Amino acid sequence: MENDYVELIQAIKKGEKGYLKEIYNKYRKPFLEWSAASYQFPEHEAKDIYQQVILIFYENIIEGKIERIRSNIRTYLFGIGKMLIRQEYRKGTRFTQIENETGEIIPEYEEMVEGHRLELTEKEKVMKMAIKSLGDTCRNILTLYYYHRFTTESVMNRLGYKNTDVVKSQKVRCMKSLKKIIETNFDKDLR
């Protein structure tokens with residue numbers, strides 16, 4: 001199946017649902033594991049996201065948006081999943097930073113989602129500027145905690161700290177620095 005995507009796509013387009021079910025079952029567990037490991041995404045939410053991923057994949061085939069897949073199906077599905085997970089995080093957070101493919105934090109970006117530019121509120125713009133004013137260490141820690149919702153242990157492992165107590169104290173210092181930057185430079189903008 002992995003090597004014959006054109007035939008697979010044509011079969012799904014013709015209504016042969018068995019292939020879609022096979023794809024669903026084959027990549028479900030790896031997707032749930034990946035979303036938990038990469039994004040600390042709760043399993044119940046990841047299951048919902050995976051349903052959306054399969055639906056988007058199916059709709060793209062039926063609507064003729066996919067004639068052939070240049071990567072492999074797993075990469076294609078996980079790419080859709082990554083976009084959906086990031087959309088979910090953006091809904092629940094004021095932070096606007098993301099990681100690139102190598103895991104480095106990108107301090108500034110403009111992202112297009114489904115052809116629409118994301119518009120930031122005034123408070124989000126102030127927060128973005130304040131975070132940009134932080135040093136790399138604080139920016140990384142706060143982004144992992146509040147944007148990606150990493151646990152303390154995950155932050156420790158990701159950034160190479162010796163124990164969680166160091167991470168917690170660093171986070172407290174970073175929050176104090178962030179508040180001071182906002183109060184000093186941007187406080188009037190938040191009112």
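## Salt bridges within helices

E43 counts as partly exposed, at 49% relative accessibility. In this predicted model, E43 forms a salt bridge with K47, and the closest N and O atoms of the pair are 3.4 Å apart. Both residues belong to helix α3, where a spacing of four residues places them about one turn of the helix apart. K47 likewise counts as partly exposed, with a relative accessibility of 34%.

The structure holds three salt bridges. Another of them joins E33 to K29, with 3.9 Å between the closest N and O atoms. E33 and K29 are separated by about one helical turn because they stand four residues apart in helix α2, which spans residues 17-39. E33 is partly exposed at 46% relative accessibility, whereas K29 is exposed at 56%. A salt bridge also links the side chains of D136 and R139, at 2.2 Å from N to O. D136 and R139 lie in helix α6, three residues apart, or about one turn of the helix. R139 counts as buried, with a relative accessibility of 9%.

Side chains of opposite charge can pair when their charged atoms come close. An α-helix has 3.6 residues a turn, so residues three or four places apart point the same way.

## Overall architecture

The protein chain contains eight helices and four strands. Read from the N terminus, the order of elements is α-α-α-α-β-β-β-β-α-α-α-α.

Of the 191 residues in the protein chain, 39% are buried. Contacts between residues at least 6 apart in sequence include 63% that join residues at least 24 apart.

## Packing of α1 against α3

Two packed helices are described by the angle between their axes and the distance between the axes. For helix α1 (residues 5-13) and helix α3 (residues 43-62), the axes come within 9 Å and cross at roughly 90 degrees. This angle makes α1 roughly perpendicular to α3. On the α1 side, the contact is formed by I9, I12 and K13, which meet F57, Y58, I61 and I62 of α3. By residue class, the contact of α1 with α3 comprises six nonpolar, no polar and one charged.

N60 is also located in helix α3. At 14% relative accessibility, N60 counts as buried, the cut-off for that class being under 20%. The C-alpha atoms of N60 and K13 are separated by 9.7 Å, although the two residues are 47 apart along the chain. With residues up to four places away in sequence left out of the count, N60 touches K65, I66 and Y76.

## Packing of α6 against α7

Helix α6 (residues 136-147) and helix α7 (residues 152-159) have axes that come within 10 Å and cross at roughly 140 degrees. Angles over 145 degrees would count as roughly antiparallel; α6 and α7 are therefore oblique to each other. Their crossing is right-handed. The residues of α6 that take part are N140, I141, L144 and Y145, and they meet T152, V155, R158 and L159 of α7. The contact of α6 with α7 divides into five nonpolar residues, two polar and one charged.

## Helix α7 and its surroundings

Within α7, the buried residues include T152, S154, V155 and M156. T152 and V155 also belong to the contact with α6. T152, found in helix α7, counts as buried at 19% relative accessibility, since buried means under 20%. Apart from residues up to four places away in sequence, T152 touches Y145, T164, V167 and K168. Y145 is one of the α6 residues in the contact between α6 and α7.

After α7 comes G160, whose phi is positive, near 80 degrees.

Methods. Residues numbered from 1 in each chain as written. Predicted model: local features only at pLDDT ≥ 70, side-chain atom pairs only at ≥ 80, totals over all residues. Heavy atoms only, no water. Axes fitted to C-alpha atoms, helices over the stretch in contact; angles between N-to-C directions. Helix = DSSP H or I, 4+ residues; strand = E, 2+ residues; numbered from the N terminus. Parallel < 35°, antiparallel > 145°, perpendicular 65-115°, else oblique. Left-handed = near helix turned anticlockwise from the far one by under 90°. Contact = heavy atoms within 4.5 Å. Nonpolar A, V, L, I, M, F, W, Y, C, P; charged D, E, K, R; others polar. Buried < 20%, exposed > 50% of the residue type's maximum accessible area, 1.4 Å probe, protein only. Salt bridge = Lys/Arg side-chain N within 4 Å of Asp/Glu carboxyl O.
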